[in-house]
Amino acid sequence: MAALWRLSVLCGAREGRALFLRNPVVRPALVSAFLQDQPAQGWCGTQHIHLSPSHHSGSKAASLHWTGERVVSVLLLGLIPAAYLNPCSAMDYSLAATLTLHSHWGIGQVVTDYVHGDAVQKAAKTGLLVLSAFTFAGLCYFNYHDVGICKAVAMLWKL
């Protein structure tokens, strides 16, 4: 629905009213061409939407990163119930590492998608790296000097 609204905005206004498309029916070819960054015949405007960063297109590193994100997500699906059933220091440190990595990659995608400008994006990614390092160090400190993540969550559930 948002893509269709975006198409209507791009077609502009004529005589005080916005045109949806030149035809009353949205054709899938026009929407497909819109999303693939290719102009279609009868198109009343141009818009460029990049579905992935161009410097990663076809890159093996991007593929490995995507696979790593999925592995960590699936690992968390098994690690959280295992930590509940067997709370120990190995589970605490495993949770600290996987939760920090999972959140770092997730917030990194938000920065990539919504922060524009090279200098601002580099600063945001550097800040994210520092925040992730402090998060991991804080969780490890909590695991070593206090009760640990598993027992802390169990204590919260008892409240």
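This is a predicted model: local features need pLDDT of at least 70, side-chain atom pairs count only at pLDDT 80 or more; totals for chains, interfaces and linings use all residues.
Colleague: Okay, how many nonpolar, polar and charged residues does the lining of the second largest pocket have?

Modeller: Rolling a probe the size of a water molecule over the atoms shows where empty space is left. Here, the second largest pocket has a volume of about 220 Å³. Its lining has 11 nonpolar residues, no polar ones and 1 charged. Among the lining residues are Ile80, Tyr84, Leu95, Lys151 and Trp157.

Colleague: And which helix gives the most to that lining?

Modeller: H6, with 6 residues. Helices H3 (60-85), H4 (89-114) and H6 (149-158) each supply at least two.

Colleague: How do I read the aromatic pair count, and why is the pair of Tyr84 and Trp157 called tilted?

Modeller: Planes under 30 degrees apart count as stacked, over 60 as edge-to-face and the rest as tilted. The count here is 1 aromatic pair. The ring planes of Tyr84 and Trp157 sit at 55°, with centres 5.5 Å apart, so this pair is tilted. It links distant parts of the chain, with Tyr84 in helix H3 and Trp157 in helix H6, 73 residues apart.

Colleague: Are those two buried or exposed?

Modeller: Tyr84 and Trp157 are both exposed.

Colleague: Which residue does the UniProt "binding site" annotation cover?

Modeller: His102, according to the unreviewed UniProt entry. His102 lies in helix H4 and is partly exposed, at 37% relative accessible area. Leaving out residues up to four places away in sequence, His102 touches Val72, Ser73 and Leu76.

Note on methods: Residues are numbered from 1 along each chain as its sequence is written. Side-chain values use heavy atoms; hydrogens and water are left out. On a 1 Å grid over the protein atoms alone, a cavity is a set of points where a 1.4 Å probe fits but cannot get out, and a pocket is an open set with protein on both sides within 12 Å along at least five of seven lines; lining residues have an atom within 4 Å of a point. Grid points are joined across faces, edges and corners, and a volume is the space filled by probe spheres set on the points. Helices (H or I, at least four residues) and strands (E, at least two) are DSSP runs, numbered from the N terminus. Ala, Val, Leu, Ile, Met, Phe, Trp, Tyr, Cys and Pro count as nonpolar, Asp, Glu, Lys and Arg as charged, and the others, Gly among them, as polar. Rings of Phe, Tyr and Trp (its six-membered ring) pair if their centres lie within 6.5 Å; planes under 30 degrees apart count as stacked, over 60 as edge-to-face and the rest as tilted. Buried means under 20% relative accessible area, exposed over 50%, partly exposed in between (1.4 Å probe, protein chains only). UniProt positions are given in the numbering used here, feature names are shortened, and annotations may be inferred rather than shown by experiment. Contact means heavy atoms within 4.5 Å.
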